[in-house]
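Hello,

Here is the structure for you to look through. My notes follow below it.

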Amino acid sequence: METKLERIADKASHEIRPKFTSLYHLLNEELLTQCHKELDGRKAVGVDGVTKEEYSQNLKENIRNLVERLKNKAYKPAPSLRVYIPKGNGTMCPLGITVYEDKIVQLGLKKIIEAVYEPKFRGNMYGFRPEKSCHMAVKEMIGQITRKRINYIVDADIKGFFDHMNHEWVLKFVGYYIQDPNILRLVEKYLKAGVLEAGEYHAAEEGSSQGNIISPLLANIYMHHVLILWFREYWTKRDKWEAEKYYEQMQERLGKFGLEIETSKSRLIEFGRYAKERRKRKGKGKPETFEFLGFTFYCGESRKGTFVVKAKTSGKKYRMKIKELKKWLKGRLMKPIRETMEILNRKLSGHYRYYGVTYNIPMLIKYHYHATKLLYGMMNRRSQKRSYNWEGFREMLKYYPLAYPKRYVNLYE
């Protein structure tokens, strides 16, 4: 199966406008069984409550039956279960949880469509792509600003992107290279599956539920056609009037495809190698900053006095992380200290691995300091009497030391 997908990817990479008219047959027992093996059984279950373990109990028959329904066009995805998770700005983000069998088919469909589209995506698209990461996106952005004569940044946030993709346009964009009607029909079924919230069904007129396996890929295909190709064709420079014109025309372009920017989170800012001097001459103070992927980026200097773009943990993300850590520690009052320390160190290490980038060590040390204070407070709430003074607490840390910050990612390699 991997060989077949590789051949598809090879064709897509070598032809300007490849056409794939027969792909649906690849959703066979071999591919879907492989997808089952790859899926994480610890994920939340959908509306039918079936887990990976339960589905595995009669796996061969279940997969065989699934393939038969796909062949006969009798397969129908179940609605996603709507849940909400908190965002950093205090609002709630809607997620869709699909039933396990739909996850299998979605993963298989994703592999097929991805084989076609991955070779067509631009190298500077980093979201939800194989072999790509947030750190790679940050490195690319810093490199572009540092190497090129960039004076302004368009900092734009699309409002509810996943929820507002136009279904007709999604199918047109997927169908640009994939002209297998059965694949397109299956994509449409997922788009129209709807959601179940508080026991009530809601039809889907637009968007693709965030949380579904197929949604990030559809979002990338949508963005590829709506903005990436358009930007490459018409916009290459970064003077102020051009940035202002781009900002205006970008909004018009998004509107054509059912999208709009979140005006409260979007702006044009002066940034780059010459921003400090230009703003000083105008009496505007320090260069502005912007946020991206949980970091705040600002204009700075290296030890040698050369211009560099520096990154630090954004204040919003930092406060959210501290709040989450405080809540978690409160829930550990009656748990064994050894187990608590092991989990806490994993949490700290995870934080350091993401935010441990060049120039951000001070924010990591600050996080370590606050984590230590929260742990001390938790230890003293474990009984009615104060369990520790700081001297005793430090003795405890000799036996259960807290993970200490270090840099994991060099943004300037």
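A nonpolar core here is a set of buried Ala, Val, Leu, Ile, Met, Phe, Trp, Tyr and Cys residues joined through side-chain atoms within 4.5 Å; buried means under 20% relative accessible area (1.4 Å probe, protein chains only). This is a predicted model: local features need pLDDT of at least 70, side-chain atom pairs count only at pLDDT 80 or more, and totals for chains, interfaces and linings use all residues. Residues are numbered from 1 along each chain as its sequence is written, and side-chain values use heavy atoms, without hydrogens and water.

The cores come first. The largest has 65 residues. Leu23, Ile104, Ile113, Tyr222 and Met250 touch the most other members. Helix α5 (residues 100–117) gives the largest share, ten residues. Helices (H or I, at least four residues) and strands (E, at least two) are DSSP runs, numbered from the N terminus. Another core lies apart, with 42 residues, including Met141, Ile145, Ile150 and Leu375.

Now the sheet. It is open, has three strands in the order β7-β8-β9, and pairs antiparallel. Two strands pair if DSSP finds at least two bridges between them. β7 (290–292) and β9 (307–313) are the edges; each has a single partner strand, so one side of each lacks a neighbour in the sheet. Three bridges join β7 to β8 (residues 295–301). Glu291 sits opposite Thr296 in β8. Helix α6 (residues 134–147) packs on the sheet and touches β7, β8 and β9, where contact means heavy atoms within 4.5 Å.

Best wishes

How values were computed. Buried < 20%, exposed > 50% of the residue type's maximum accessible area, 1.4 Å probe, protein only. Axes fitted to C-alpha atoms, helices over the stretch in contact; angles between N-to-C directions.
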